[in-house]
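This report describes a two-chain model chain by chain, then turns to the contact between the chains. The model is predicted.

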Amino acid sequence: MGSWNIYLGTALNILVPFILVFTQSTQFNPRGYFAYALLYVFLSLMPPVTGTDFVIELVSLWMLTLYMALVIWIWNRVHHNSPGADMSIPEILSKLASLVLLLIHPDRKEELEEEFGKLMREHVARRQSFSAMSTRDTELENMVSTLLQRFSYMIADYDWHSELDTASAMELRRLSSFLSETAKYIGTPSQRDQMEHAQELLDSMTIPEGRIRIFSRSIIHMVDFMLHTAEKDPSGDRRRSINWHGLMHEIAVRFSSESFEMRLASRLAIVMAISGIVSYLIPLSHSYWIPFNAFLLLQPSSEDSSYRMRTRPIGTFIGCIVEFAVYPLLPGLPAQIAFSLVMISLMYCSVPGTWYHPIFSTCYALTMASMTMPGTTAIVLRISYLLIAVLIVFAVNRFFLPMRKTSQFRYSVKALFRFHNKYWDIIRRGLQAETDLSISTDILSDFHMYYEDCLSYIRENDVPSADRLEEAMIILWHMFSELEQIHYLVRIKSIQSSETGQIQDLIIAIQKDLYPIIRGEDFPDLMRMIHLQRPDIAYVMNGYLRNAERLLEYRDAIPFL
Amino acid sequence: MGADLDICFIEKRFAEWMHRFLAAFRRAMPVIFFFITSYFLILLLFGLQYTIAASAITVFFSSRYRRGAGSVLGYLILIFP
């Protein structure tokens with residue numbers, strides 16, 4: 001369809017790369033689009049001319065896909081890979097049981113943080129992709145994510161150590177035992193006993209109101225919820241529904257001119273459209289090398305693109321020299337094919353983006369091209385087309401939605417505040433009706449990913465006021481943990497219906513003072529309002545506002561304020 | 001003596017480079033094997049002008065083969081998008 005005329009071709013060159021990047025890539029998996037988009041680019045290099053061509057191309061691709069499935073299956077049988085080395089839910093629960101025991105030993109907090117950090121990083125990486133289907137298993141995954149976030153509440157800071165006494169240590173041991181047993185029985189007929197055990201633990205908890213009590217009850221409630229969900233019949237998943245709420249939420253987040261996905265998708269679409277048009281208008285052979293090179297030169301960040309725009313011409317130029325020297329010495333078609341296969345094998349051994357990687361790909365491409373045209377012509381065209389591609393990508397990177405790492409960092413910091421605001425919206429909705437756990441879990445996962453990304457950027461780059469900024473990040477994390485605890489209290493109906501209106505007003509007032517920029521004018525009044533509420537809610541909200549006040553001291557360090 | 005030292009240095013650098021190259025070659029062998037066998041499959045069945053399909057599918061192979069076998073449905077989705 002793309003080869004019928006230039007308008008259709010351009011439309012496809014805009015739509016296909018845009019949709020692929022928008023749906024497959026994220027800031028944390030920036031090259032998620034690459035394999036699919038490269039397939040599209042390859043297919044556009046061999047547009048079918050006749051119906052027979054179309055059928056042969058389709059059949060050859062199908063055949064190779066089945067061959068690929070077979071080879072991967074054999075490879076995994078030989079290497080004993082199981083699909084994904086991810087931890088199962090029982091394994092995560094067992095791990096949490098051991099981490100709860102570490103909470104009782106303040107001297108082992110470094111070990112606790114390290115072990116929990118490993119668990120969080122692994123689990124955050126498993127966040128569901130763009131269009132999640134709601135099934136029993138996805139619901140359980142969401143609950144595990146929430147469970148981990150609730151656990152992080154205890155690692156955010158150690159002020160609760162002053163509450164640690166014999167009774168609370170005993171409670172934590174009971175919690176650890178409960179988690180270990182649940183790990184054994186979840187998904188089995190005995191899980192009913194665990195549900196009863198959960199209720200017994202909640203009814204018999206006598207430690208006073210405080211962080212340890214809130215933490216223990218929130219963990220038990222979430223595990224109880226998981227046990228009820230695990231009881232559901234998975235055959236009901238045959239009527240799998242698309243998680244429309246989650247999908248619309250994802251689309252809304254991505255559809256902003258500041259979002260990573262939008263910027264990369266737009267840049268790639270423009271690059272492919274322009275290079276496609278230029279390639280169409282140039283009346284010379286092999287002009288498809290222009291969009292192909294442009295695609296390879298365009299990278300998720302401007303800095304990476306600039307790097308490739310230096311290394312690719314160097315490698316291509318050297319590759320042309322090698323080809324010029326070697327090709328005339330190759331005696332016939334079999335030798336030429338053998339040489340091109342050796343070159344492409346060396347290309348697969350090289351790291352993409354380095355200066356030597358294009359040497360081999362250039363030799364392969366030129367050897368193939370030289371079978372149908374004079375070698376020197378192919379070399380001149382190769383270099384010329386590469387330079388045109390470099391110009392196109394340079395212009396788009398410079399003038400159209402450029403993505404520098406510093407801009408991305410500012411956007412990420414802003415996003416952390418935006419997530420706070422969104423979570424407050426969810427909590428407000430939760431006061432009136434049951435909220436979709438998948439959306440709050442997605443926000444939790446997103447927050448942690450952006451948080452880790454910001455911290456890495458601060459540590460690896462020369463950022464002004466880096467120490468103060470890092471402290472501000474940690475305060476934001478504490479606040480987010482407190483937010484999650486508030487959500488838990490709302491979900492278990494800790495709020496009386498007579499208090500709902502007051503809490504709503506309180507939340508609206510807090511949101512006004514925190515987003516889009518922090519102001520502290522109303523904090524004293526807000527703290528007085530909280531004093532009137534239930535002790536558990538008051539405890540957590542007070543903690544949140546105290547941290548928000550602390551954050552005000554770091555205003556000068558926060559980039560977008 | 002200086003020349004001997006230079007030759008030793010060059011030999012040492014060459015040995016290090018060779019070691020890194022062989023390690024990279026071993027890592028890339030599954031992808032190279034897949035590409036070459038796909039290439040010849042297409043060359044023999046359909047002809048030289050369609051061998052670019054081998055490059056296209058090899059991109060998928062290189063990003064997926066370590067991830068696990070996956071499901072039949074996953075591969076069917078690739079075939080029938």
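## Domains of chain A

Into which domains is chain A divided? The assignment gives domain 1 as residues 6–47 together with 270–399, domain 2 as 94–241, and domain 3 as 408–552. Between the C-alpha centres of domain 1 of chain A and domain 2 of chain A the distance is 50 Å.

## Overall make-up of chain A

Chain A contains 22 helices and two strands. Of its 561 residues, 38% are buried. Taking the contacts in chain A between residues at least 6 apart in sequence, 76% link residues at least 24 apart.

## Helix 11 of chain A

Helix 11 of chain A covers residues 260–281, which is 22 residues. From its first C-alpha to its last, helix 11 of chain A reaches 32 Å, close to the 32 Å expected at 1.5 Å a residue. Of the 22 residues in helix 11 of chain A, 16 are buried, so this helix is largely enclosed by the rest of the structure.

## Two helix pairs in chain A

Two packed helices are described by the angle between their axes and the distance between the axes. For helix 2 (residues 34–45) and helix 12 (residues 289–297) of chain A, the axes come within 10 Å and cross at roughly 170°. An angle over 145 degrees counts as roughly antiparallel, and helix 2 and helix 12 of chain A are therefore roughly antiparallel to each other. On the helix 2 side of chain A the contact uses Ala37(A), Val41(A), Ser44(A) and Leu45(A), and these meet Pro291(A), Phe292(A) and Phe295(A) of helix 12 of chain A. By class, this contact between helix 2 and helix 12 of chain A has six nonpolar residues, one polar residue and no charged residues.

The second pair is helix 4 (residues 89–103) and helix 6 (residues 136–155) of chain A, whose axes come within 12 Å and cross at roughly 10°. Helix 4 of chain A is thus roughly parallel to helix 6 of chain A. Helix 4 of chain A contributes Ile89(A), Ile92(A), Leu96(A), Leu99(A) and Leu103(A), and helix 6 of chain A contributes Leu140(A), Val144(A), Phe151(A) and Met154(A). The contact of helix 4 with helix 6 of chain A has nine nonpolar residues, with no polar and no charged ones. As a general point, an α-helix has 3.6 residues a turn, so residues three or four places apart point the same way.

## A loop residue in chain A

Glu231(A) lies in the loop between helix 9 (211–230) and strand 2 (241–242) of chain A.

Chain B has three helices and zero strands, in the order α-α-α from the N terminus. Of the 81 residues of chain B, 21% count as buried.

The contact between the chains takes 33 residues from chain B and 31 residues from chain A. Helix 1 (2–45), helix 2 (52–64) and helix 3 (72–79) of chain B each supply at least two residues of the side that touches chain A. Helix 1 of chain B gives the largest share of that side, 13 residues. By class, the side of chain B that touches chain A has 27 nonpolar, five polar and one charged residues.

Terms used:
Residues are numbered from 1 along each chain as its sequence is written. Chains are lettered from A and ligands numbered from 1 in the order in which they are written. This is a predicted model: local features need pLDDT of at least 70, side-chain atom pairs count only at pLDDT 80 or more; totals for chains, interfaces and linings use all residues. Helices (H or I, at least four residues) and strands (E, at least two) are DSSP runs, numbered from the N terminus. The expected span of a helix is 1.5 Å times one less than its number of residues. A residue is buried if 20 or more other C-beta atoms lie within 10 Å of its own, exposed if 12 or fewer, and partly exposed in between; C-beta atoms are placed from the backbone. Domain bounds come from an automatic or database domain assignment. Axes are lines fitted to C-alpha atoms, for helices over the stretch in contact, and angles run from 0 to 180 degrees between N-to-C directions. Angles under 35 degrees count as roughly parallel, over 145 as roughly antiparallel, 65 to 115 as roughly perpendicular and the rest as oblique. Two residues are in contact if their C-beta atoms, placed from the backbone, lie within 7 Å. Ala, Val, Leu, Ile, Met, Phe, Trp, Tyr, Cys and Pro count as nonpolar, Asp, Glu, Lys and Arg as charged, and the others, Gly among them, as polar.
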